[in-house]
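These are my notebook entries on side-chain contacts. I looked up the charged pairs and then the aromatic rings.

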Amino acid sequence: MSLSRKRKKELRKLQTQANSLWESQQILVGEAASVAREAGRQLGHLHREQVKPRVAAGYETYAAPYVEKGKKVVNGTVLPAAGAVVGSAMSVWDAANDTRSRLASGRGFDLPASWRKAAPEPVKKGIGAGGVIAIILGVAAALGVLYAAWQTLRADDELWVADDPLRAPDA
């Protein structure tokens, strides 16, 4: 397709204007990035100097006494009571197992021969609830790792940065 001289001249002028606009936009974007970096730095200083001390003081004033009371209650009352309950339950369990084994073997009690049976063989059970939960958590963790890797490695055109930032695209 052949263009007239007038059209070629207009296209060159338009290309020059586009290049000028592109260069000014690149300079503007660079300045905006430096302003954003400085704002982030200042935000970090503000957090370190103002927010963090106030949060720590608020925690010490309002939450720390209740946390300490809670620790004392748990360590002084709840844990010993729970230990006593578990210990009692284990004692009852052991006594029941001992009695069951004596009854099954015929020791200790005088049982008629027709009542005596051999202890049944324990039946091997399949995977329990804990195993199922562990498998589900493992699969969820693996999926999370795969998703994070996919997000990291995928091609994203919006994140592409030009090698020559001041060069305008060809029109």
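I looked up Glu10 and found it partly exposed, with a relative accessible area of 38%; Arg7 is partly exposed as well, at 44%. I use buried for under 20% relative accessible area, exposed for over 50% and partly exposed for in between (1.4 Å probe, protein chains only). The model is predicted: local features need pLDDT of at least 70, side-chain atom pairs count only at pLDDT 80 or more, and totals for chains, interfaces and linings use all residues. Residues are numbered from 1 along each chain as its sequence is written, and side-chain values use heavy atoms, with hydrogens and water left out.

I listed 3 salt bridges in the structure (a side-chain nitrogen of Lys or Arg within 4 Å of a carboxyl oxygen of Asp or Glu). Glu10 bridges to Arg7, with the closest N and O atoms 2.7 Å apart. Both lie in helix H1 (residues 5-105), 3 residues apart, about one turn of the helix. Helices here are DSSP runs (H or I, at least four residues), numbered from the N terminus.

I next noted Arg41 with Glu38, at 2.9 Å between the closest N and O atoms; this pair also lies in H1, 3 residues apart. Arg41 is partly exposed at 46%, and Glu38 is partly exposed at 33%.

I then recorded Glu68 with Lys71, at 3.8 Å between the closest N and O atoms.

For the rings, I found 1 aromatic pair (ring centres of Phe, Tyr and Trp, its six-membered ring, within 6.5 Å; planes under 30 degrees apart are stacked, over 60 edge-to-face, the rest tilted). Tyr147 and Trp150 are tilted, 5.9 Å centre to centre with 40° between the planes. Both are exposed.

Note on methods. Helices (H or I, at least four residues) and strands (E, at least two) are DSSP runs, numbered from the N terminus.
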